[in-house]
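Subject: A structure for you to explore

Hi there,

Here is the structure I promised to hand over. Have a look at it first, and then read on for what I found.

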Amino acid sequence: MAVHSLTTPIPEEAVRRLRVGNTIFISGVIYTARDAAHKRIAEHIERGLQLPFNLRNGVVYHCGPIAVKRNSEWVVVSAGPTTSMRMEPYEHIVIERLGARVVVGKGGMSVSTAEACKRFGAVYAIFTGGAGVLAAQAVKRVVDVHWLDLGTPEAVWVLEVENFGPLTIAIDTTGKNLIEEVLSSAAKRKWELLSKK
Amino acid sequence: MVRAFVEAIKRASTHLPPDVKQALRKAYEIETSPAAKAQLEAILRNIELAERLGVPLCQDTGVVTFYVRVGLGFPGVAHIEKALVEAVREATSTVPLRPNSVDPVTGLNTGDNTGRYVPIIIWDAVDPDSSTLEVTVALRGGGSEYTTVFSVLPPWKGLEGVKELVLEAVIRAGAMPCPPTVIGVGIGGTAEYSMLLAKKAATIRRIGTRHPNPVVAELEEELLEMVNELGVGAMGVGGKVTALALHIDYAHRHPAAYPIAIAFQCWALRRATARVHPSGDYVIEQ
């Protein structure tokens with residue numbers, strides 16, 4: 001099992017080297033974005049509006065953390081991934097138009113994301129769902145927060161991380177999609193199991 | 001009462017019950033796929049860290065749900081509901097919990113996990129012979145909720161139809177409900193009642209317990225084996241353990257309908273019970 005360490009900003013060549021099943025750790029700055037943030041990003045692009053953050057060669061993390069203010073500083077207490085599939089209608093836009101290189105989440109993504117990963121040079125990686133404390137351990141500092149009007153889970157948190165991981169590559173730049181393959185073989189197995197008796 | 005409820009919420013969000021921890025450790029032992037084993041290792045490490053630091057093990061602390069069983073002799077029944085709401089507000093800032101109560105009309109988050117009908121309070125039973133109050137809090141993440149299935153089968157399909165629907169639901173849910181899960185299946189009753197049975201089977205019933213009806217108990221074992229043969233594995237990376245347990249419960253049904261509900265409970269099965277005595281003394285159990 002290959003283990004790669006990446007630091008932001010991440011160049012295209014670096015993600016093109018990665019393959020499904022590889023383990024990666026990320027250091028640098030990452031941006032959380034989930035349902036409402038993705039919707040707003042798409043609206044901004046559609047209207048030609050400037051975004052308050054730059055995702056080029058960056059990392060998008062599907063996460064709505066528990067964040068609290070202590071002595072006027074934001075602290076992230078628990079920050080595991082959320083289900084990525086809800087962001088499927090938007091992610092190809094984030095990859096194509098904003099130049100994100102790594103999308104981190106859980107649960108897998110589908111065809112339009114995989115296609116964008118292949119064409120524009122990006123990967124989808126999963127972090128263990130529910131492992132919120134493990135993820136928060138990697139967060140060194142909250143650098144900034146945007147769109148707090150969406151509520152703390154939905155805001156875009158700019159997080160400085162050190163060795164964020166282990167992340168498993170689930171979609172690579174060759175078009176391979178790990179979770180989709182597992183589920184399509186499960187679907188075949190289902191018919192075998194049901195016709196047994 | 002408020003203190004007891006806040007403590008139960010805190011306990012549930014930071015510590016998994018012993019039956020769940022044991023099932024996860026067993027899953028780690030029997031898993032042979034390296035990718036799935038790595039996921040389970042991260043899960044076990046996360047559980048330890050959360051306990052040590054006393055913080056919520058998963059950031060998604062769900063829509064707080066209470067199952068209330070009250071003894072007829074318990075004084076202060078009138079104050080239970082108010083105390084539960086107050087406890088949720090307090091726990092949101094002290095534990096802390098993630099604010100997860102969003103107005104579906106305006107899209108605004110109330111910020112304190114309360115709102116219309118929220119927290120969810122289910123008056124589960126009244127015990128005429130008891131004078132204690134038993135409140136079980138369950139915190140289920142959105143991924144588990146998202147993949148819930150409900151269907152009304154034509155009665156001729158019977159239990160074979162149940163099997164097919166469960167396997168289909170597991171595949172459709174895929175990695176979204178954070179497997180390895182506990183799957184709850186509610187059969188019969190009415191639409192809302194089958195769902196309640198499914199939810200309780202998934203979250204409230206202890207792993208390792210056997211259904212009192214031997215036919216159902218056997219069906220549970222058979223279906224669990226089938227589910228695990230699908231090979232979805234922890235977090236959908238492929239592996240032996242897709243579900244830690246599969247629990248079925250049933251109610252008698254209308255002759256024309258065969259309602260079936262399937263609820264997924266993520267591995268982070270968070271539940272704790274506050275048992276409050278008439279004196280006000282309480283104990284938190286898991």
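At what angle do helix H2 (residues 35-47) of chain A and helix H3 (residues 88-98) of chain A pack, and how far apart are their axes? The angle is about 55°, and the axes are 10 Å apart. Angles from 65 to 115 degrees would count as roughly perpendicular and those under 35 as roughly parallel, so H2(A) and H3(A) are oblique to each other. H2(A) passes H3(A) in a left-handed crossing. To find the contact yourself, pick out A:His38, A:Lys39, A:Ile41, A:Ala42 and A:Ile45 on H2(A), then A:Tyr90, A:Ile93, A:Val94 and A:Arg97 on H3(A). Sorted by class, this contact has six nonpolar, one polar and two charged residues.

One thing to keep in mind as you read: this is a predicted model.

Now for chain A as a whole. Chain A has six helices and nine strands. Its radius of gyration is 17 Å, close to the 16 Å that the globule rule gives for 197 residues, so chain A is as compact as a globular protein of that length. Along the principal axes, the C-alpha atoms of chain A fill a box of roughly 65 × 35 × 30 Å. You will find A:Asn71 in the loop between strand E4 (66-70) and strand E5 (73-78) of chain A.

On to chain B, which has eight helices and nine strands. For its 286 residues, a compact globule would have a radius of gyration near 19 Å, and the 19 Å of chain B agrees with that. The box filled by the C-alpha atoms of chain B is roughly 50 × 50 × 40 Å, again along the principal axes.

Chain B is divided into domain 1 (2-11 + 57-140 + 269-285) and domain 2 (143-265). Taken over C-alpha atoms, the centres of these two domains of chain B are separated by 26 Å. Where they touch, six residues of domain 1 of chain B are in contact with six residues of domain 2 of chain B. The domain 1 side of that contact divides into three nonpolar, one polar and two charged residues.

Chain B also has a helix pair to look at. H6(B) and H8(B) pack at an angle of about 35°, with 10 Å between their axes, and H6(B) passes H8(B) in a right-handed crossing. Among the residues that make this contact are B:Leu159 and B:Val166 of H6(B) and B:Leu223 and B:Met226 of H8(B). By class, the contact has eight nonpolar, no polar and one charged residues.

Two peptide bonds in chain B deserve a look as well. The bond from B:Val95 to B:Pro96 is cis, with omega near -10°, and B:Pro96 lies in the loop between helix H4 (80-94) and strand E2 (120-127) of chain B. The bond from B:Pro179 to B:Pro180 is cis too, with omega near 5°, and B:Pro180 is in the loop between H6 and strand E5 (181-189) of chain B.

Finally, how do the chains meet? The contact takes 43 residues from chain B and 40 residues from chain A. On the chain B side, the elements that give two or more residues are helix H3 (34-53), helix H5 (142-146), helix H6 (158-173) and helix H8 (214-229). H3(B) provides the largest share, eleven residues. By class, this side of chain B has 28 nonpolar, ten polar and five charged residues.

Enjoy exploring!

How values were computed
Residues are numbered from 1 along each chain as its sequence is written. Chains are lettered from A and ligands numbered from 1 in the order in which they are written. This is a predicted model: local features need pLDDT of at least 70, side-chain atom pairs count only at pLDDT 80 or more; totals for chains, interfaces and linings use all residues. Two residues are in contact if their C-beta atoms, placed from the backbone, lie within 7 Å. Helices (H or I, at least four residues) and strands (E, at least two) are DSSP runs, numbered from the N terminus. Ala, Val, Leu, Ile, Met, Phe, Trp, Tyr, Cys and Pro count as nonpolar, Asp, Glu, Lys and Arg as charged, and the others, Gly among them, as polar. Domain bounds come from an automatic or database domain assignment. Axes are lines fitted to C-alpha atoms, for helices over the stretch in contact, and angles run from 0 to 180 degrees between N-to-C directions. A crossing is left-handed if the near helix is turned anticlockwise from the far one by less than a right angle, and right-handed if clockwise. Angles under 35 degrees count as roughly parallel, over 145 as roughly antiparallel, 65 to 115 as roughly perpendicular and the rest as oblique. The radius of gyration is taken over C-alpha atoms; the globule rule is 2.2 Å times the number of residues to the power 0.38.
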